[in-house]
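Biologist: I would like to learn how to read a model like this one, feature by feature. Could we look at it together?

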Amino acid sequence: MSQRPHPVRQLILDRAELTFVDSMGLAALLMVRRVADAHRVALRLDNRPLCVDRLLQLTGTLDHLTAARVPRETGLSAGRRRTP
């Protein structure tokens, strides 16, 4: 009998060695956020250098990418779930 793998609960991206981020890098981070939220996985951007924080501030995405939150459920909200 095969065992199911443990689900991923958190994705940590360590940015310590990052020295530059352009629009493609920002687009990739936004895509990672969307996919993590869709799978109910918490996203953390650890060890962000100043260049990353500056880009996120300038583009208005700092809070979106760094705020701790519980991803919303997909589909119907808890108050509107269908019963069988």
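Biologist: Which residue just after H1 takes a positive phi?

Modeller: Bear in mind that the model is predicted. The residue is Arg40, which comes just after H1 and has a phi of about 55°.

Biologist: What order do the elements follow from the N terminus on?

Modeller: They run β-α-β-α-α, which amounts to three helices and two strands in the protein. Among contacts between residues at least 6 apart in sequence, 75% join residues at least 24 apart.

Biologist: How many residues does H1 have, and what span does it reach from its first C-alpha to its last?

Modeller: H1 has 16 residues and reaches 22 Å, close to the 22 Å expected at 1.5 Å a residue. At the start of this helix, a side-chain oxygen of Asp22 comes to within 3.1 Å of the backbone nitrogen of Met24.

Biologist: Which residues of H1 are buried, and why do they line one face of the helix?

Modeller: Burial here means a relative accessible area under 20%, and in H1 the residues that are buried are Leu26, Leu29, Arg33, Ala36 and Asp37. Seen down the axis of H1, its buried residues fall within an arc of 100°, so they line one face. The face turned away from that buried side carries Ser23, Met24 and Arg34, which are exposed, while the cover over the buried residues includes strand E1 (10–14), E2, H2 and H3.

Biologist: Which residues touch the most other members of the largest nonpolar core?

Modeller: As a general idea, nonpolar side chains in soluble globular proteins tend to be buried together. In this structure the largest nonpolar core holds 13 residues, and those touching the most other members are Leu13, Leu26, Leu29, Leu43, Leu45, Leu56 and Leu65. At least two residues of this core come from each of helix H1 (23–38), strand E2 (42–46), helix H2 (50–59) and helix H3 (62–66). Taking Leu13 as a case, and leaving aside its neighbours within four places in sequence, we find Leu13 in contact with Leu29, Val32, Leu43, Arg44, Leu45 and Asp46.

Biologist: Is Leu50 buried or exposed?

Modeller: Leu50 lies in helix H2, and it counts as exposed because its relative accessibility is 73%. Its C-alpha atom is separated by 9.9 Å from that of Leu18, 32 residues apart along the chain.

Methods:
Residues numbered from 1 in each chain as written. Predicted model: local features only at pLDDT ≥ 70, side-chain atom pairs only at ≥ 80, totals over all residues. Heavy atoms only, no water. Core = buried A, V, L, I, M, F, W, Y, C linked by side-chain atoms within 4.5 Å. Buried < 20%, exposed > 50% of the residue type's maximum accessible area, 1.4 Å probe, protein only. Helix = DSSP H or I, 4+ residues; strand = E, 2+ residues; numbered from the N terminus. Contact = heavy atoms within 4.5 Å. Expected span 1.5 Å × (residues − 1). Arc of directions from axis to C-beta. Polar contact = N/O pair within 3.5 Å; in protein donor to acceptor, adjacent residues only side chain to side chain.
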